[in-house]
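Keep the viewer open as you read.

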Amino acid sequence: MEQFARFRAILPDMAALIVLNQARLWHKHGMVKRRAPSDRTRKPLDAARLDALALAYVARFATSRAKLLRYLSRKVRESDWADETDALAACDATADRMEKLRYLDDRQYAAMRAGAMTRRGLGVRRVKAQLYVDGIAEGDSGEAIETAEAAALASAVGFARRRRFGPFGTAALDDPKLRERQIAAFLRAGHNMAVARRLLAIAPGDEAALAALDEEAGVD
């Protein structure tokens, strides 16, 4: 009985230790992946079902060809392929059909994606990086990137306004460390150093400088 009482006493500590170890593993390696379904639990998948999955996906998400192919490839890996056609060839054929039906348009997707990021105050470097991750070819991303470059100053002004940096701050930026942190925030958002320093050099309340900046950036 005494040993049982001691065991019950340390149960909370053991539970806390287990949770802590799980948190450490998640922080180090990411969320623990579930085991892939066994062959017995995998559902059959053929080209027709692949088309249906693609239609449902493009109806729900604005996507690029590369992102759709990643989704379809994952579905193939998770399923029991039951079609005479090669699985990868079927994925490509499905993506081709989605393009013919105008459900996929990488150039239009790039313009939409870049425009949304610019309006959120993100700079050209972030736009380029995201379009690369989304698998947009240079021929389809060029126009979107040019538009983002033309709106670079307006995007930086929007970022400063949201973060209350520079002319949108409440007090002059006298702390060098705080200034460096704000510059770093601009850089992480994809803006260049020159624009960051220019905006942070404008004192809060300098309406004339802010009006000139808005006019140059084309901000209403």
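Glutamate 78 is partly exposed, at 34% relative accessibility. Keep in mind that you're looking at a predicted model. Arginine 74 also comes out at 34% and counts as partly exposed. These two form a salt bridge, with 3.3 Å between the closest N and O atoms. Both sit in helix H3, 4 residues apart, or about one turn of the helix.

Which residue does arginine 65 meet in a salt bridge? Its partner is aspartate 92, at 3.9 Å from N to O. Is arginine 65 buried or exposed? It's buried, because its relative accessible area is 18% and the cut-off for buried is under 20%. Aspartate 92, at 35%, is partly exposed.

Another bridge to look up is the one between aspartate 134 and arginine 113, whose closest N and O atoms are 3.1 Å apart. This pair also links distant parts of the chain, 21 residues apart: aspartate 134 lies in the loop between helix H6 (124-133) and helix H7 (138-150), and arginine 113 lies in helix H5. Back around arginine 65, salt bridges with shared partners tie Arg65, Asp92, Asp96 and Glu99 into one network. A search of the whole structure turns up 9 salt bridges.

Tyrosine 103 is in the loop between helix H4 (87-100) and helix H5 (106-119), and at 47% relative accessibility it counts as partly exposed.

Finally, zoom out. The chain has 11 helices and 2 strands, and from the N terminus the elements run α-β-α-α-β-α-α-α-α-α-α-α-α. Of its 220 residues, 33% count as buried. The accessible surface of the chain is about 15,000 Å², and carbon and sulfur atoms hold 54% of that. How much of the contact count comes from residues 24 or more positions apart? Among contacts with a separation of 6 or more, such residues account for 68%.

Key
Residues are numbered from 1 along each chain as its sequence is written. This is a predicted model: local features need pLDDT of at least 70, side-chain atom pairs count only at pLDDT 80 or more; totals for chains, interfaces and linings use all residues. Side-chain values use heavy atoms; hydrogens and water are left out. Buried means under 20% relative accessible area, exposed over 50%, partly exposed in between (1.4 Å probe, protein chains only). Contact means heavy atoms within 4.5 Å. Accessible areas come from the Shrake-Rupley method with a 1.4 Å probe; for residues, only the protein chains shown count as cover. A salt bridge is a side-chain nitrogen of Lys or Arg within 4 Å of a carboxyl oxygen of Asp or Glu.
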